[in-house]
Structures are given as C-alpha cells and as structure tokens.
Amino acid sequence: MNIGVFVCHCGSNIAGTVDTEQVAQAARSFPEVAFATDTMYACSEPGQAGIIDAIREYGLDGVVVASCTPRMHEATFRKTIGRAGLNTYLFEMANIREHVSWIGKDKEANTNKAIDLVQIAVEKLRRNTALFSSEFEINKRVMVIGGGVAGIQAALDCADGGLEVVLVERESTIGGKMAKLDKTFPTVDCSSCILGPRMVDIAQHPNITLHAMAEVESVDGFVGNFDVKVRKKATYVDWEACTGCGQCMEKCPSRKAEDRFNEHVGTTTAINIPFPQAIPKKAVIDPGACIMLTKGKCGACAKLCPTQAIRFEQEDTVVQEQVGAIIAATGYDLFDFTLYGEYGGGRYPDVVTSMQYERMLSASGPTGGHLVRPSDGKEPKDIVFIQCVGSRDHSVNRPYCSGFCCMYTAKQTILTKDHIPDSQSYVFYMDIRSPGKLYDEFTRRAMEEYGAKYIRGRVSTIQPRNGRYVVKGADTLMGSPVEIEADLVVLAVGAEASRGAGALAEKLRISYDGYGFFMEGHPKLKPVETNTAGVYLAGSCQGPKDIPSSVAQGSAAASKVQALFSRDKLASDPQVSSVALQRCVGCAKCASTCPFGAIEMTEFRGMPKASVVETVCQGCGVCAVTCPQGAIQLQHFTDNQILAEVNALCPY
Amino acid sequence: MSVTQYAYYPGCSGMGSSIEYDISTRALCKSLGVELLDIPDWNCCGSTPAHASDHLLSASLVARNLAIAESMDVAGIITPCPSCLKNLKTTSLRMQRKAFHDKVESIVERPVRADLPIKSVLQTVLEHCEPEAIASHVSRPLKGLKVVPYYGCIMNRPPDVMTFDDPENPTSLDRLMTALGAEVLPFPHKVDCCGASLGLVRRDLVTTLSGRILDTAAALGAHAIVAACPMCQMNLDMRQSQINRANHTRHHMPVFYYTQLAGLALGQSESCLCMDKLCVNPADTLRLVDCPAAEERTR
C-alpha cells in the first residue's frame, strides 16, 4: 500500500500546541507511508486539492488525515479521495484536535501523542479493504410525534410537499401548549385564532393520518424503513361514531375528573372534550373518574349519546406504521413549583402558575376569561409575578434559562391591565431576557404604557396575612428589602423536558441531555438533525423555545425530510458485520444479542449459519464481541485491526 | 423505650438567660430515655462573633468540644440551641476538608475526628420517639391550648448543613405539639428572623421583626408561641414590653420553650419546668390547660 499522511494545522487550533511538521516527518518513517506533509487547512478547497494532487503524483492508494474529529470531516475527506478515484473506505482519520491540541498545552507531549495517533491510523489503514455500499428503498412516509405547534408545522409542511404523514399525539387533541394560551407575544394576537386554522388543516389534509390519544410503543428498523408500533389508548368512545356534539358532557354526573387542559383550575366531567376547537373533536372518558367504569353503574352518557358511540368495554389497540423518517416534536412540560417551599409549596390557593393564569385569561377558559382568586372568586387588584421559578436555579437542578418566561410575563401584565384597569402588577425578575424581534420593545411597553412595576430581585417568602399574601423579597438595584401585599401571585414556571422524553429518546435511539432534552446533531450546524439517521427534532423537545422558533424548527425538520426523500434509494454504510462461514458454528448468540435484529439464521449445506442483513446492521459491534468463535467481524474494526493499533502503541 | 447516651452541649445561654430551656430539656430527655452526659469542661462555641470574624477561630473553638465528646462513649452530640448546633455542624462539615482539618488540629493541639453525628435535641427526641409514642406518655394533655410553632431561622437552615425537616415549612414542632394535645395553628412566620443579636445594636429591627411575629400569632388567636431557640425566645419574651412600647401594641403572649410544654404534658411540675423564669407571665395561659372552659369564663 502507498499511504499518504496529511497533518492539518487547523490554523492555530492544532499548530498552536502541536508541531505538525514534526508529526509529518515522523509519519514518513511508518511502514508503507509513501508521502507525508503538513497542511494549513486540510478541509479547505486548496487543502483537498493538495490531497488529490498527492494521490495522483505519488500513486497513493490510501490516505490518513490527522486533523479534527471524524464527526466533523470524515465524510468530507472520503468524498475527496473518491474524487481522486480511490475507494472511499481506504481512508482513516487521526483526531489530533479534540483529542490532543485542545486538551493540553505541553507542545512536546502533544506532538508525541499526535505521532502515536497517526501511527495507529496508519496501522489500521494498512489492513483496510475496499468497501462498497449497497442501496435500499426508502419508504416515503413520515411520522411526526407530538401535535403541538412544532409538530403541526412539520406535519403540514411535509403533507403539503406531497408526503404521507402520520401524526401521533398523546392527548386527545392536538394543539399542545399553544392551544392553552390566551394571547401570544409580542403582538398580543389571539393564540387559538392563529393556531385553530392550522389544527383544522391537519384534520382535513388528505395526506395526514392523525392518531390522538396515542403513544409510540416501539421503534424498529432504520432510516428509510422504520417500523413503529403505536399504542392507541382506550377512549371508551367510538370515534368513528362520535360527532363531538358534547351532549354527553352536559349530563355526566361525575364532575371531579382532573382538568389537564385547564391546568387543574377546577375539575371537569369524566366524559370530556377538552375545548371547543379540539382536533379531533371527539369525547374521551377518564376511566379513573367515570362512575360506570369505577363502580359499574351510571351510563348516563350512553343513554344520551345520539349516535350510540359510548363503548365502556373498549381496550387499548396497537397499530403498526411503516415510515421512512421520524420527526420528534414532543415539546416540554412545566416545572413543578411545589419544590419551592418559599412560594408555599402548593399550600396557598392564590399562588398559581403562569399557565393557570393563562387559562383564566382565556375567554374559553374555566373562569370565562375573568381573573379571579381561586380561594374566594374575588377580583384581584394587586398581582405579583415571580420570574425564574424553575429556571436559572442550581438548587433545583434547573440551571438553564427557559427563554420565554420574561416575554410571557410581560404579556400577562399587559393583559391584566386590560382585564382589570385599576389593577397593579409587580414583577420580580433576575434579568430581562428579550432578544427577539420586537421583544424588548414589548417588555418596555409593559412597564411604560401599562405601568407594571419591575423589581430586580428574588422573593424569599410568600406569607398569607388577613386573606392576602405578603410577598417578601429583595430589590437588588435599591439594595433594600421589599414587601408587597398581593391578592394573587403568579409564578413564571420554567420549561422542563416533557414527561417520558427519556424513554422516547431510547426508543428512537437518540441521545438526550441531563435534563431530558433531545440532543441535536450539532449545536450550530445540525439543529434539527439527530445522531440517528432519519430521526429529526422540532420545537421544545430539543430545549425551551418560543412559538416562532418552534414553528421555524418544524419547517426546518420538514425540509430535512423532503431532502432525504428526494432520493428513491439510500446507500447503506458498508462498515457492517460479516460472517466467516467456515468459522461460524451456528450457535445464534449473535442473533440473540443484536439490538437491531440484523442477524438471521440461515442454512448452509445443512448446517445452521448466521447471516447479516447489511442494510439493517448499524455497525455497533455487539455481535463481534459476543461470537465465541471470532467468526463474525465488523468490517474495518476487525480484531486484527484493533490488535494492530494496540501493537503500534505498545511495541514492547 | 431504650436508653441512648448522648454528649450534651448546653451552650452558654443554657447557663444563664435560657436556664429554663436547659432544665426542661434535661427533664424531657430523662423521661423519654435519652441519657445526657455533659461534655466536661466544654467551652463557648464562639456564637456569631467568632464565625463572623474568622472561620478558623470559630472552628477551633468548636473543635475542642468535638474532641472532648469524641473521647466519651456516646452516640452523638446534641444541643438545644440552634446557634450552637449550626456552629457544631458547620465545623464538622468544614473539617471534612483535609487542609482545614489539619490546621484546626494544630491549633487545638489534639486529634479531632469530627465524625460524631450532631443533632438538635428536637431532632433527637423525634427520632427517638415517634410523636404517637410520646402521646402515649402524656398525662396532662395540652387540650384547649392554641399555639403557633416558631422554629427560628436557623433550626433547619441552611438545609445542606442542618439536614433536618423542611427548610421553608418545617413540621417537627407541629407534630410534637399536636401529639401533646395542643391545637397547632398554621403559622406563616415559622422560620422568619426575629432580629437575633441585633437587639443590642439595632433594637428597631427587632421590634419590627419580632413585633410582626407577635402580631400574627395574636391575630391567629394563639394563646402562646412555642419556641426552640434561646435567642428567639429572648427577643419575643423578654423584649415583648419593648416591642409593645415601640409598636403601640398590647400583646401579652407567653413564649414557651417546647421542652417546657412537653414536660408539662408529661406530668412534670410547673416549678420544675421553671415557668416562673418566663418574663411574660404564663399563669393565665397555663390555666387553660387545666380547664379549657376557663377561656370562655375570662371573656
């Protein structure tokens, strides 16, 4: 083999703490290295041209680039040597940036380590073989998980582009958090007026299949060919027959069901349609609150239903959906403020969350759009808003900023003044974070035109006194303690990962951060991709986001799916396992350990043998370490290659 | 109830201004089977002045006491005073750091392990006996007595040092008082600051802060405040007339140590519990315990 080694400076990123020239010089002494040089930016156009020229001039048939992580530029350089006519798998990368130059300052030690890494790469490359991709068909259907505004946008964009879309929603209606909002910042336009038509589009779009009251149970397969099981939870109502007339709700005697849509401001009926614009507008029975389902008698709704749609005997069903791509848009949940003892820990009825306040502001909400104190139904006059409840606080493991609370609090002070002109709002804040278009102007309006009093400081305690609440805190600008008597306290609860996000991420085989938010492919350059091919992200499941950003991500994820589906076939990665038939004893241990079901047991001359389905294999290598015979080997990560790498490092 | 031995650190106030707390604590522990062995030749923990000027000074003062206690065969160190408790616990925690530990040892010139559990008497009593078990020993239930529990600001805080009860809404005193038969009112100022030692230099702060505690207790209809801290008790009880003068109020609110009321319920005599040491005369309030109807008559 004629190997070429290219040692990248990466400007000063590598050359600052690694003597790249010395690395190149050392490489010249490694076996089968015909050419070695250092280069300013290997990934730049002249850098790549240099590689191609060297291949031609020195007749190279294998290339090592010592530069950054393969996650960054492996694909780039594979294409480069492909253009020079080499098999793209006769290539290795030595990571001397993330693994060397960025982590140490000792130039001599760094240089030595870089030389070692290059030597390892050379030894591996010497044992590489040319690999060839095969192709497989793509199923051009897409599944969107989560029917909030991000999922709705993604689903509509895909469907309008001609793709078949399966939308899965956990609740009985789509709309997500946005459907609960009264108005949106910074324009104070009606949330349901702008979201409602989009929800109707979902229901009417011929390309969209909507599974509400459904959750993803399992995900098998791989990009282009996912096989998803969706559990449709029992609604105890035949949705084919239900017309959403709502007569059942009027006569239901059980009125103690938890009202999740209205954020537990009051209770609702056991049979319920969450709100008038619900999509699908179908009734659902809460089995924990239904008298028929808990005590065995009642059936008032069944007697009344004009279409006889009630089915007390209904059970969960599981449907299978085959799709080629998945967009996760599972949104967020609100922080549980009862962890804060200083805000009463949930003991005070007139300390409410911002979302509960939003429901009270909404004309279709539980109070008909009237702001009232939950304790006595009276109109509040002095209202204290506390920001950063469950945001930017290490003590509750929420060190991140939820991003949208400053804005919605400003909006809520404006709406409060509109609802009750003689009211006074006070806002305890840490910093005002309003970096969006027309956002800072909006918070200024809340203060200057609507008279909201902003106090920079935290609240230490809320104490009831004579039917009102004394809110004690610090004014850190004045350097003095403050006390405000309030009728109502609104906590700007932050965003946290959606309940069950971690479990879904594991089903989708995508990573998530310490807080449960899904990890994007790259923090800047791959905001809606994940590290699993064919799985994309949209909206707050990746981190807290406001509506415009969520919508933008919904569209972005849809365009990624469109790009993926613009081809009819996908090339498979040939770095997969293969079985040496003469060594395989047919024990099937590999088949039982393979997490992807990529190994089939076949017969060869009457003997059982393992066989790898190349398009399913993800190249994880679990089978290779399981095989007692060493018969199954991961191509380009064979035992011999790994041993050669170890020997290069430890020659004695 | 089994008997467990603890090294007892009374604190300076227990020798003087809160002698009734010390005496009633010893009585309560005895009747519940918690045996107290005084730390011989103990010294002041340094209180606020020490830790406010130098952590090493504060730790060294405490470490000497820790070292003596470690030479005794005890299950831990207990103290009735939250301020002493905070100093003992903070030092024990700081001494987990080796550099600090070595420095302190070189000052006190003796080995200090700093590994004994350190607890308040309140925590020890409640861990030793469930409130229900204490209730079975009650011979004179505090029926008819409405109290507000006042923990003070440092009995449970900072939470990672004190590791006892809820830092914002503690309930240990509530549970104990309920078990003794008293009616416990929901008190919003459970962990508020009374003004502490600022009573000496900024009396106006104490009359404001402690005044509010008295105002709310009275507004809630409490007959008495139950305290667990000598400093709080002193500000609320001894300074009550100062507070009344400053705020133009007419409070007559007895402020008991919880150990005094517990002793009463467990059948100890009022004189043994030093009820006469309280500045605000509790006689009228104590009569309610004997005869709940008395309240009606006095109206």
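Biologist: What should I know about the model and its numbering before I start?

Modeller: Residues are numbered from 1 along each chain as its sequence is written, chains are lettered from A and ligands numbered from 1 in the order in which they are written. The model is predicted, with local features needing pLDDT of at least 70 and side-chain atom pairs counting only at pLDDT 80 or more, while totals for chains, interfaces and linings use all residues; side-chain values use heavy atoms, with hydrogens and water left out.

Biologist: How many helices and strands does chain A have?

Modeller: Helices (H or I, at least four residues) and strands (E, at least two) are DSSP runs, numbered from the N terminus. Chain A has 19 helices and 34 strands. Its C-alpha atoms fill a box of roughly 85 × 70 × 40 Å along the principal axes.

Biologist: What share of the residues in chain A is buried?

Modeller: Buried means under 20% relative accessible area, exposed over 50%, and partly exposed in between (1.4 Å probe, protein chains only). Of the 652 residues in chain A, 52% are buried. A contact means heavy atoms within 4.5 Å. Among contacts in chain A between residues at least 6 apart in sequence, 70% join residues at least 24 apart.

Biologist: Into which domains is chain A divided?

Modeller: Domain bounds come from an automatic or database domain assignment. For chain A they give domain 1 (3–126), domain 2 (141–233 + 316–331 + 510–565), domain 3 (247–304), domain 4 (334–496) and domain 5 (577–635). The C-alpha centres of domain 2 of chain A and domain 4 of chain A are 31 Å apart. Their contact involves 16 residues from domain 2 of chain A and 24 residues from domain 4 of chain A.

Biologist: How much area do domain 2 of chain A and domain 4 of chain A bury between them?

Modeller: Buried area is the accessible area (1.4 Å probe) that two parts lose on being put together, summed over both. For domain 2 of chain A and domain 4 of chain A this is about 1,700 Å², with 71% of it on carbon and sulfur atoms. On the side of domain 2 of chain A, F185(A), P186(A) and Y515(A) supply 36% of the area buried against domain 4 of chain A, more than any other three residues.

Biologist: What polar links cross that interface?

Modeller: A salt bridge is a side-chain nitrogen of Lys or Arg within 4 Å of a carboxyl oxygen of Asp or Glu. The rule finds zero salt bridges between domain 2 of chain A and domain 4 of chain A. A polar contact is a pair of N or O atoms within 3.5 Å; within protein, one must be able to donate a hydrogen and the other to accept it, and residues adjacent in sequence count only if both atoms are side-chain atoms. Four residue pairs are in polar contact across this interface (both at pLDDT 80 or more).

Biologist: How does chain B divide, and how far apart are its domain centres?

Modeller: Chain B has domain 1 (4–122) and domain 2 (139–293). Their C-alpha centres lie 24 Å apart, and the contact takes 25 residues from domain 1 of chain B and 27 residues from domain 2 of chain B. About 2,100 Å² is buried between these two domains, 76% of it from carbon and sulfur atoms. E20(B), Y21(B) and L122(B) lose the most area on the domain 1 side, together 33% of what that side buries. Between domain 1 of chain B and domain 2 of chain B there are zero salt bridges and five residue pairs in polar contact (both at pLDDT 80 or more).

Biologist: Which helices supply the side of domain 1 of chain B that touches domain 2 of chain B?

Modeller: α1 (19–31), α4 (82–94) and α6 (121–128) of chain B each supply at least two residues of that side. The largest share, nine residues, comes from α1(B).

Biologist: How many salt bridges does the whole structure hold?

Modeller: A search over all chains finds 47 salt bridges. In one of them R468(A) pairs with D382(A), the closest N and O atoms being 2.7 Å apart. R468(A) lies in strand β25 (residues 468–475) of chain A and D382(A) in strand β21 (residues 382–389) of chain A, so the pair ties together parts that are 86 residues apart in sequence. R468(A) is partly exposed, with a relative accessible area of 24%. D382(A), R465(A), R468(A), E485(A) and D487(A) are linked in a network of salt bridges.

Biologist: Are E496(A) and R398(A) buried or exposed?

Modeller: Both are buried. E496(A) forms a salt bridge with R398(A), with the closest N and O atoms 2.8 Å apart.
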